[in-house]
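Me: I have a model open and want to talk it through before I set anything up. Can we start with the charges and then go on to the packing?

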Amino acid sequence: MADPVRIRLSSAVSVDLAGRSLSGRELGSRKARTLLALLASERGRLVPIDRITEVLWAADPPADPNANVSTLVSRSRRLLGADVLGGSGRAYGLLERGSWSVDLDEATALTDEAEARLSAGEPSLAAAGARRALDLLGTQRALVDEPDADWVLGVRREADSLRRHARHVLAAALTRSDPVAAEEVARQAVLADPLDERAVRDLMRAAVCAGRPAAALTTYDALARRLRDELGTDPAAATSELHVAVLRESALPADTRPSTPGRMPSPVLVGRDRELRGLERAWSAAGDGMGGLVLVEGEAGIGKTRLLEALAALADRTGGWVLRARCHPTERSLFLQPYVDALRPALLDQRAAVLAELLGGHEAVWATLLPEAAEVLPAGAAASGAAAIRRRRAYDAVVAVLRRLSVRRPVLLEVDDLHDAGAASVDLLGYLAQRLAGSRVLLVAGVRSEHRETVARLADRAERVSLGALPQSAVDALASAAGLALHGPALMARTGGHPLSVVECLRALAAGDTGVPASLADAVSGRVAALPRDERDAVEAASVLGHRVEPRRLADLTATTELSAVRRCEELVRARLMVRREAHYEFANDLVQ
């Protein structure tokens, strides 16, 4: 599914679409832009044609407003997509959620998540999420090019409130780790609204934590004067209590922040709570500057990609850079292709000056790796030197850009199907783990466990997460969710808890098919075809012996020695097609057999 169209309301209305940012005349006429902003402000609720007419033409409507609005909508639909904008002749609105997003909603989600992380004792992730929210909101007035209509003022109030909330969370998070930076954030909040007492309290706390209690007292005095002169009132009780604590040099009282529902959702991967919690801890540690490398291992279809997707969603919710790539066998000869694929969207989304700063010092390397960036890089000497030296320079260029990206936001770099990567890409991952240790970069790779050589090359630098079969409770939950609860025990017996097998069998059962799903047959056939000839002959011969495989019988069937049969079965165990049961072997599950 394509990325949703992002509609920005926090400054002049604009649209992020397919890697491009459209604004002004690129979105159509003035009335087309106003209509888009109006519909986006309603977040999917249908807007009656009478209200649209009033907003667009006020007291001077056209002879046929329905036709005029329909024309405007039609032109915008051609630009944004038929699944984004639509309606009938009586009302229009944004259509199916998931095809679009509004920056104010994204900022709300990021700030709520940041506040929940702050409450959970994760200030680094809280700060990253709040910063990301503020980046989305910017500093301009919302719908800056629209007149002061009631609906426009409502959007502006919403954006201003979100900025205040995000600044409060950011200041509170930074106060624990970088009070000087927290002071600057809180000072900007006070400048934006001198009567915002929460911002004043943030500034006072940051000043005390930075060792400047006198500045905190001065800040309080300035607020008290403003309130007395402009409103004829005194500071709130919470502000006065904080003032007294500063005067007495006692512990600062906890701020009375209104509670917001914490987002931090429970794991959504059935049967993977422990693994997901471990990755969540690794991401939190990366936010605190203790990044590292995690290898997610398991056989094909065991759920590695789903686990990586869940971690990516977590990193995105908490304001991180999410850089993802998948390795392909056909691209093994392309130097560092997975890393270029992962970094390309983040780098090309930067302004030219920022991009030049990110790539600075490694221009010759990036001009080769990322030709699209060459036009913003200063002219320099082409990459030269021996192959080993050029490779080391390329590795250092990737290290540098990841480290620079992580200065403002923690970075998650995910590389899936690492077993399909070339040697240089595997080696770079180990190099990154070494050079970025103790940084705000978390490296995560998915790899099939039977590719022992790839795992072995990184094992001494990585934390390993091994995925196994799902327990009966998870299989039952999946069957129940599919409306096939009675099939849970039989599914477990048939699939051995292999996630892909469970899902595909449920899909087949729902369609009335009780045989082996074609998708699973193809997957198993592909795994067998990739085996060396001896192991392939052994597993095909074993399949006719039934679920239980005795080495002596397999030796007789394949005209080899019992010792050779045992060795081949051990290789099949490593390939996750069989399991050892004392002196005999069994297929991993009935479907494989």
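Reply: This is a predicted model, and the accessible surface of the chain comes to about 27,800 Å², with 51% of that area belonging to carbon and sulfur atoms.

Me: How many positive and negative side chains are there, and how far apart are the centres of the two sets?

Reply: The chain carries 77 positive and 79 negative side chains, and the centres of these two sets lie 2 Å apart.

Me: What about R568, buried or exposed?

Reply: R568 has a relative accessible area of 16%, which is under the 20% cut-off, so R568 counts as buried.

Me: Where does R568 lie, and which residues does R568 touch?

Reply: R568 lies in helix α25, which covers residues 562–574, and, leaving aside residues up to four places away in sequence, R568 touches D534, E535, A538, T558 and T560.

Me: Switching to packing, which residues have the most contacts inside the largest nonpolar core?

Reply: They are I7, L9 and I52, in a core of 74 residues. Helix α6, residues 150–175, gives the most to this core, with 12 residues.

Me: And what does L9 touch?

Reply: Not counting residues up to four places away in sequence, L9 touches A37, A40, S41, V102, D103, L104, A142, L143 and V155. Apart from this core lies another one, of 50 residues, among them Y339, A394, L405 and L429.

Me: OK, last one: how many helices and strands are in the chain?

Reply: There are 25 helices and 15 strands, and buried residues make up 49% of the 593 residues in the chain.

Definitions and conventions: Residues numbered from 1 in each chain as written. Predicted model: local features only at pLDDT ≥ 70, side-chain atom pairs only at ≥ 80, totals over all residues. Heavy atoms only, no water. Helix = DSSP H or I, 4+ residues; strand = E, 2+ residues; numbered from the N terminus. Buried < 20%, exposed > 50% of the residue type's maximum accessible area, 1.4 Å probe, protein only. Areas by Shrake-Rupley, 256 points an atom, 1.4 Å probe, with all protein chains shown as cover. Lys, Arg positive; Asp, Glu negative; His and termini not counted. Charge placed at Lys NZ, Arg CZ, Asp CG, Glu CD. Contact = heavy atoms within 4.5 Å. Core = buried A, V, L, I, M, F, W, Y, C linked by side-chain atoms within 4.5 Å.
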